[in-house]
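Subject: Handover of a structure

Dear colleague,

Please find below the structure that I am handing over to you.

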Amino acid sequence: MPEHRETRVLPYTPEQIFGLVADVERYPEFLPWCVACRVVSRKSPEEFTADLAVGFRMVREQFSSLVTLSPYRHIQVHYLKGPFQHLTNEWTFAAVPEGTRVDFFLSFEFRSRMLQALIGALFEEAVRRMVAAFETRAKKLYG
């Protein structure tokens, strides 16, 4: 099962980076392969369900997740339904003298062996591009 961990230190506040990651409806504006995202329901200000559609070449898949926010510290994404056997995504934010240390974790497995083979081969590059897209977006928004 592919999994990726990455830590970056960004010259922005935890509030700024947290807000950027928590604003899932803006993902199609900057995140590679994200073709649509919408908040379906809000259980509370700290918890919502979102549908995300991703497209790569001829593949397009949609999945639902429960997103739990711990303001300015942590975002946990719990997979609900879609093409995955398993999906876990976590973001942790900590203030450091240089700005914010961002810890990112992603682990997934598709139900389909064909999709797993296709995406698995490109996984590391895809995740690196995704993380870089968040960093580029932060620079665009916050200078």
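**The sheet and the cavity**

In this predicted model, seven strands form an open sheet with antiparallel pairing, in the order β1-β7-β6-β5-β4-β3-β2. At its edges lie β1 and β2 (34–44), each of which pairs on one side only. On average, neighbouring strands of the sheet are turned by 20° against each other, direction ignored.

The helix α1 packs on this sheet and touches β1, β3 (47–56), β4, β5, β6 (84–96) and β7. The direction of α1 makes about 160° with that of β6.

One pairing may be followed in detail. Strand β4 (residues 59–70) and strand β5 (residues 74–81) are joined in the antiparallel sense over seven bridges. Within this pair, L69 has I75 in β5 as its bridge partner.

The structure holds one cavity of 30 Å³ or more, and the largest cavity contains about 90 Å³ of space. It is lined by 13 residues, of which L10, W91, V102, V131 and F134 are the closest to its centre.

Which elements supply at least two residues each to the lining of the largest cavity? They are β1 (3–10), α1 (14–22), β7 (99–110) and α3 (113–142). The helix α3 gives the most, with four residues. By class, the lining comprises ten nonpolar and three charged residues, and no polar ones.

Yours sincerely

Notes: Residues are numbered from 1 along each chain as its sequence is written. This is a predicted model: local features need pLDDT of at least 70, side-chain atom pairs count only at pLDDT 80 or more; totals for chains, interfaces and linings use all residues. Side-chain values use heavy atoms; hydrogens and water are left out. On a 1 Å grid over the protein atoms alone, a cavity is a set of points where a 1.4 Å probe fits but cannot get out, and a pocket is an open set with protein on both sides within 12 Å along at least five of seven lines; lining residues have an atom within 4 Å of a point. Grid points are joined across faces, edges and corners, and a volume is the space filled by probe spheres set on the points. Ala, Val, Leu, Ile, Met, Phe, Trp, Tyr, Cys and Pro count as nonpolar, Asp, Glu, Lys and Arg as charged, and the others, Gly among them, as polar. Two strands pair if DSSP finds at least two bridges between them. Axes are lines fitted to C-alpha atoms, for helices over the stretch in contact, and angles run from 0 to 180 degrees between N-to-C directions. Contact means heavy atoms within 4.5 Å.
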